[in-house]
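User: I've got a model open and want to talk through a few of its side chains. Can you walk me through them?

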Amino acid sequence: MIGQNTWRRTAAFFLSGLLCTSSLLGQSAAALTAEELVPVGHTIGIKLFAEGVVVIGLAEVETGSGVLTPGADCGLQVGDVIEAANGKEVESSEQFAALLQCGGTVELDVTRDGKDLLLSAEPVLGQDGTWRLGAWIRDSMAGIGTVTFYDPATGSFGALGHGITDTDTGLLMPLGDGSVMHASVKAVKRGSAGDPGELKGSFDLAHDLGALYANTEQGVFGSMELSELTEGDAVPVARVGEVRLGAAEILSNVSGNSVERYDIEILRILDDTGSQNLLLQVTDQALIEQTGGIVQGMSGSPILQDGRIVGAVTHVMVNDPTKGYGILIENMLKAAGDV
């Protein structure tokens, strides 16, 4: 998955101000039926804050009476999302650790595979004098990716073409809050067979461009104001039957702030579900010389064919970085509309 290794753990904290559910549904539904979209192709920085904290591992705790495993003993599993402790909403890793310091039984409201569970945990006093659960947790991630489209009629955008997954569990991160910011590409680690390349960028942490409202298997979606990033001419949206094999282009930002067009071939049209619908090959020698082909951080680069936006780049083939996969734009729009 492109960008997977570019995502990193961030300091645990939580942004305030969730967006209104009704307005988000209106935006996503409008994006679903859009006939024209602005193809973007510019990199962005993405900050994602989980809804609760995600259990990424279970550990032993050294105590005065030996090694104990309170997290595993209470039934916690890797991938669980802890949403509340003793009825108090969990907002960050630090806050959750503080909730444990009272000692005694802690009732955990947990989500697992879409189901709600109630677990009773008994934190233990570690040798450092703090109460511990024996669970590694994560509450946020940050990384770089590419904006696929902008809908000027609604102010909504789609990016990546795949979801943001936890680097340890491989599971989709549950979105509590998130934002996007301007990113500039400073360097490229060129890809080669067996060693995927990577865009290296810097973020403008002082100014958010917009807010996220969904993290799905088919991309991340949000809203932003019209800016230099989203300026451009809207083009028709290609429906599944309008995508053909043969020559196409991608829009990508692989140097500074410049978005360029690069030639590709659509080799095969695969399953029309999920996020790997198109088999692609980069044919543009300028892009191959600069990046080796498709690299991490390019996920979301819009694919254009016959004057239409047909999809976005999503994955690279590790053994041949000139080849990769793309998602159909209809699948991105459907995911945005299903939120």
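User: Is Lys 47 buried or exposed?

Analyst: Quick heads-up: this is a predicted model, where local features need pLDDT of at least 70, side-chain atom pairs count only at pLDDT 80 or more, and totals for chains, interfaces and linings use all residues. Residues are numbered from 1 along each chain as its sequence is written, and side-chain values use heavy atoms, with hydrogens and water left out. The cut-offs are under 20% relative accessible area for buried, over 50% for exposed and partly exposed in between (1.4 Å probe, protein chains only). Lys 47 comes in at 16% relative accessibility, so call Lys 47 buried.

User: Which residue forms a salt bridge with Lys 47?

Analyst: A salt bridge here needs a side-chain nitrogen of Lys or Arg within 4 Å of a carboxyl oxygen of Asp or Glu. For Lys 47, the closest N and O atoms of the pair are 3.6 Å apart, and the partner is Asp 208.

User: And how many residues apart are Lys 47 and Asp 208?

Analyst: Strands are DSSP runs (E, at least two residues) and helices are too (H or I, at least four), numbered from the N terminus. Lys 47 sits in strand β3 and Asp 208 in strand β15 (residues 198-216), so by that naming the pair links distant parts of the chain, 161 residues apart.

User: What about Glu 35, buried or exposed?

Analyst: Glu 35 meets Arg 239 in a salt bridge (3.7 Å, N to O). Its relative accessibility is 55%, so Glu 35 counts as exposed.
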